[in-house]
Amino acid sequence: MLGKGKSTETTVGKLNTIIGEDSVLEGILNVSETARVDGTIKGEVKSKGTIIIGTSGKVIGNIATQEIVIAGRVEGDINALGKVEITSTGRIYGDIRTKSIIIDENAIFQGKCMMDEGRMPEPEVTVPDIEVIKE
């Protein structure tokens with residue numbers, strides 16, 4: 001349940017992490033399965049499972065996950081290999097990259113969406129300038 005009698009048909013799996021409503025986490029959250037956020041996370045979120053952001057949940061930072069259900073607020077980019085679902089109370093201020101997206105009526109999404117095969121983007125590689133010294 002996401003609150004207010006709303007349920008979802010996502011592949012939830014084992015729920016092994018809960019960030020409570022009055023909790024604030026600053027830093028990187030790495031979870032191997034499903035996590036539910038009802039509090040606030042200021043930082044990056046990574047999951048091999050599903051991320052559920054409840055109606056009181058807020059993430060300020062980027063999210064990389066298999067699937068995500070948003071009933072709260074996200075201020076950052078989302079990269080999901082599977083499905084992104086934004087419920088009617090969900091608010092996203094950032095870009096989305098996913099294979100599939102569902103946006104309920106009254107949800108807010110301010111950003112751009114790129115839909116592809118669900119691959120994670122290639123990391124940016126920077127090569128430092130090298131000064132060649134000739135004798």
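Visitor: Which residue in β4 does L15 stand opposite?

Guide: L15 stands opposite T34 in β4. This is a predicted model, in which local features need pLDDT of at least 70 and side-chain atom pairs pLDDT 80 or more, while totals for chains, interfaces and linings use all residues. Residues are numbered from 1 along each chain as its sequence is written, and side-chain values use heavy atoms, without hydrogens and water.

Visitor: In what sense do β1 and β4 pair?

Guide: Strand β1 (residues 15-19) pairs with β4 in the parallel sense, over four bridges. Strands here are DSSP runs of E, at least two residues, numbered from the N terminus, and two of them pair if DSSP finds at least two bridges between them.

Visitor: And what does β7 do with β4?

Guide: Strand β7 (residues 50-53) runs parallel to β4 and is joined to β4 by three bridges. Within this pair, R36 stands opposite I52.

Visitor: Are the faces of β4 covered or open?

Guide: Both faces of β4 (residues 34-37) are covered. T34 and R36 on one side, and A35 and V37 on the other, are all buried, that is, under 20% relative accessible area, with exposed over 50% and partly exposed in between (1.4 Å probe, protein chains only).

Visitor: What is the strand order of the sheet?

Guide: The six strands form an open sheet in the order β1-β4-β7-β10-β13-β16, with parallel pairing. Its edge strands are β1 and β16 (100-103), each of which pairs on one side only.

Visitor: Changing topic, where is S56 found, and what does S56 touch?

Guide: S56 is found in the loop between β7 and β8 (58-60). Leaving out residues up to four places away in sequence, S56 touches E21, D38 and G39, where contact means heavy atoms within 4.5 Å. A polar atom of the S56 side chain lies 2.7 Å from the backbone oxygen of D38. With a relative accessible area of 32%, S56 is partly exposed.

Visitor: What about the phi of N106?

Guide: N106 has a positive phi of about 80°, although N106 is not a glycine. This residue is found in the loop between β16 and β17 (108-110). At 59% relative accessibility, N106 counts as exposed.

Visitor: Finally, what is the mean pLDDT?

Guide: The mean pLDDT of the protein is 85, and 76% of its residues reach 70 or more; pLDDT is the predictor's confidence in each residue, from 0 to 100. Over residues 3-10 the pLDDT is below 50, and this stretch has eleven contacts in the model beyond near neighbours in sequence. Where pLDDT is low, the predicted coordinates should not be read in detail.

Key
Polar contact = N/O pair within 3.5 Å; in protein donor to acceptor, adjacent residues only side chain to side chain.
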